[in-house]
Amino acid sequence: MAGRFPQRPTLPRGPEGAGGAGGAPLPAGAAGIPRQAAPARTRRWVPDGPLDLGLTLGPLRRGPADPTFRATADGSVWRACRTPAGPGTMRVRAYGGEVTCEAWGPGAEWLLEQLPQLLGAADDPGAFVPRHRVVALARHRRPGLRLTRTGLVLESLIPSVLEQKVTTDEAYRAWRLLVRRFGEPAPGPAGAGERPMCVMPAARTWSLIPSWEWHRAGVDDKRAATILRAVRLAARLEQAAGMPAARARARLEVVPGVGPWTSAEVVQRSHGAADEVTVGDLHLPGIVGWALAGDRDADDSAMLRLLEPYAGQRHRAARLILLSGHVPARRKPKMPRVDIGLL
């Protein structure tokens, strides 16, 4: 368990310990080794309706400095993923009703094959019927909202566990530090330059992270232990991507430390689950209660009761409410940030 073992020296970062005499070879792009440019594989796809890349792929971004996600000024979205075929990077652009995707790395073909699912091809926005004015206005103003389906469980599970019971800033910082420290450079041009993107660590690498590195990233023993249990079952958990959302959540919740809040956050991204609303959240019930009934003190049961008219589409309704900006004014200070790495 994290924090329970004495500190041991980590592998040296220089060429002697990492790629010099007696060491394993360094990956391309590390320690000054030039990265060989590989041609990108490309796919073009035409969605069957309006598509907003930022709204659709935004839930996959874990903070503005997420090393696995980048949105650029030209409207492109970059993602670095660990796919079943290996690491891969994709760049997605939408112009003139057509989507163009470039992909690099061993996982490129898998990413291109999954592109329509990622951009909401399996989603059915037409099935949603607004029942409240605030929801109807939000939908009207954002016709390009689709629910993404990544088909990847672990990449959503680990950051969701990091977000348990802490501020979003703390969770984003932990994800950023751990991925940069233990991940690998993203294939293709995104893995080079001043701000290289990274692919999240493999399951085995997560399991080998020393206890003091969790501590330095601000991750307490409970969350670290939950992640360690999950990565030991990585293959079984990834199989949940092919299950219905309810069965997938049941499999995820077998892992101690993964409850309804975490499992819902995962399947919303991995499955594009339109009805899996998040319960147990600190803010969401009050936001939904305020938007639909003027009740800022609503709890989970009140939120679910208010969302009953949207059965089958409750997650989409909650997302539209969040996008509406119709939230109650803050009545108390933000939760204080406690950096356990400084203790």
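User: If the expected span of a helix is 1.5 Å times one less than its number of residues, what span should helix α7 have?

Analyst: This is a predicted model, in which local features need pLDDT of at least 70 and side-chain atom pairs count only at pLDDT 80 or more, while totals for chains, interfaces and linings use all residues. Residues are numbered from 1 along each chain as its sequence is written, and side-chain values use heavy atoms, with hydrogens and water left out. Helices (H or I, at least four residues) and strands (E, at least two) are DSSP runs, numbered from the N terminus. Helix α7 has 15 residues, 168-182, and the distance between its end C-alpha atoms agrees with the expected span, which is 21 Å.

User: What is the phi of Lys-165?

Analyst: Most residues other than glycine have a negative phi. Lys-165 lies in the loop between α6 and α7, and it is exposed, with a relative accessible area of 79%. Although Lys-165 is not a glycine, its phi is positive, at about 60 degrees.

User: What is the volume of the largest cavity?

Analyst: On a 1 Å grid over the protein atoms alone, a cavity is a set of points where a 1.4 Å probe fits but cannot get out, and lining residues have an atom within 4 Å of a point. Grid points are joined across faces, edges and corners, and a volume is the space filled by probe spheres set on the points. The structure holds three cavities of 30 Å³ or more. The largest has a volume of about 120 Å³.

User: Which residues lie nearest the centre of the largest cavity?

Analyst: Both β3 (77-83) and α6 supply at least two residues of this lining. The lining divides into six nonpolar (Ala, Val, Leu, Ile, Met, Phe, Trp, Tyr, Cys and Pro), five charged (Asp, Glu, Lys and Arg) and two polar residues (the others, Gly among them). Of the 13 lining residues, those nearest the centre are Leu-60, Thr-68, Arg-79, Glu-155 and Trp-175.

User: What is the volume of the second largest cavity?

Analyst: Among the residues that line this cavity are Arg-79, Met-90, Trp-110 and Arg-149. Its lining has five nonpolar, two polar and two charged residues. The volume is about 50 Å³.

Methods. The expected span of a helix is 1.5 Å times one less than its number of residues. On a 1 Å grid over the protein atoms alone, a cavity is a set of points where a 1.4 Å probe fits but cannot get out, and a pocket is an open set with protein on both sides within 12 Å along at least five of seven lines; lining residues have an atom within 4 Å of a point. Buried means under 20% relative accessible area, exposed over 50%, partly exposed in between (1.4 Å probe, protein chains only).
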